[in-house]
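Hello,

Here is the structure you asked about. Please open it and read along.

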Amino acid sequence: MERIRRLILWAWRLVSTPAGTLSLGFLTLGGFIGGVMFWGAFNTALEITNTEKFCTSCHEMKANVYEELTRTIHFSNRSGVRASCPDCHVPHQWTDKIARKMQASKEVWGKIFGTINTRPKFLEKRLELAQHEWARLKANDSLECRNCHSSVAMDLQKQTERAATIHTRYLLSGKATCIDCHKGIAHELPNMQGIDPGWKMPKELEGTSTSGMTPIDDLRRAMMELHASNL
């Protein structure tokens with residue numbers, strides 16, 4: 001008890017002494033204000049770099065991939081919902097977004113040294129750039145696609161029979177992810193000679209007719225098979 005009393009008295013003398021009060025108060029207030037200003041500036045800069053205006057501020061992007069985007073359904077469609085550059089290339093979750101920004105920082109190096117500053121250079125590097133992005137989306141299970149396209153919200157009965165069958169067998173079961181089949185939906189494809197485009201009919205479905213069951217029946221069967229494989 002005596003030790004506690006001495007500790008309380010020591011703390012009281014520390015904060016009640018004029019010099020101590022001023023220094024402790026200023027340090028606390030200064031640290032708080034500095035922290036708020038830093039956090040605000042950091043998030044402001046983060047959001048500025050996460051806009052389509054920023055993405056297309058360099059001619060490498062605006063004159064190449066952005067022009068292609070404007071000719072796709074992701075840019076103009078009957079619903080008026082537009083997917084901008086960061087919607088497809090930057091995750092929405094904060095931690096994933098920071099990791100992506102750190103990865104993208106190396107693109108500044110390419111900008112400084114003119115890696116793709118001309119159309120011929122861009123076309124020469126196009127396949128390599130596309131493969132990097134395909135691999136990234138494959139690794140994160142097409143996270144950016146799923147920000148808008150949720151498999152659990154798909155109405156399979158409104159899809160074509162072929163699409164519903166493939167989505168049921170491969171997407172819903174986890175055997176494939178969006179980017180496996182949906183390459184070139186926002187930008188032109190590179191020279192795909194020797195590259196599997198992904199949207200071909202799966203080998204196990206080639207030469208066979210699709211099931212006579214409804215997509216919902218296929219979905220139930222696929223989910224039962226998935227649960228059975230996890231037992």
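Contact means heavy atoms within 4.5 Å. Buried means under 20% relative accessible area, exposed over 50%, and partly exposed in between (1.4 Å probe, protein chains only). This is a predicted model: local features need pLDDT of at least 70, side-chain atom pairs count only at pLDDT 80 or more, and totals for chains, interfaces and linings use all residues. Residues are numbered from 1 along each chain as its sequence is written, and side-chain values use heavy atoms, with hydrogens and water left out.

Start with helix H9, residues 119-139. Helices are DSSP runs (H or I, at least four residues), numbered from the N terminus. Its buried residues include Phe-122, Trp-134 and Leu-137. The buried residues of H9 pack against helices H5 (65-69), H6 (85-89), H7 (94-104), H10 (143-146) and H12 (178-181). After H9 comes Asp-141, with a positive phi near 60°.

Now the rings. Phe, Tyr and Trp rings (for Trp, the six-membered one) pair if their centres lie within 6.5 Å; planes under 30 degrees apart count as stacked, over 60 as edge-to-face and the rest as tilted. The whole structure holds six aromatic pairs. One of them is Phe-38 with Phe-42, stacked at 6.3 Å between centres and 20° between planes. Both sit in helix H2 (residues 18-48), four residues apart. Phe-38 is exposed, at 58% relative accessible area. Phe-42 is partly exposed, at 33%. Phe-38, Trp-39, Phe-42 and Trp-94 form one aromatic cluster.

Best wishes

Terms used. Helix = DSSP H or I, 4+ residues; strand = E, 2+ residues; numbered from the N terminus. Expected span 1.5 Å × (residues − 1).
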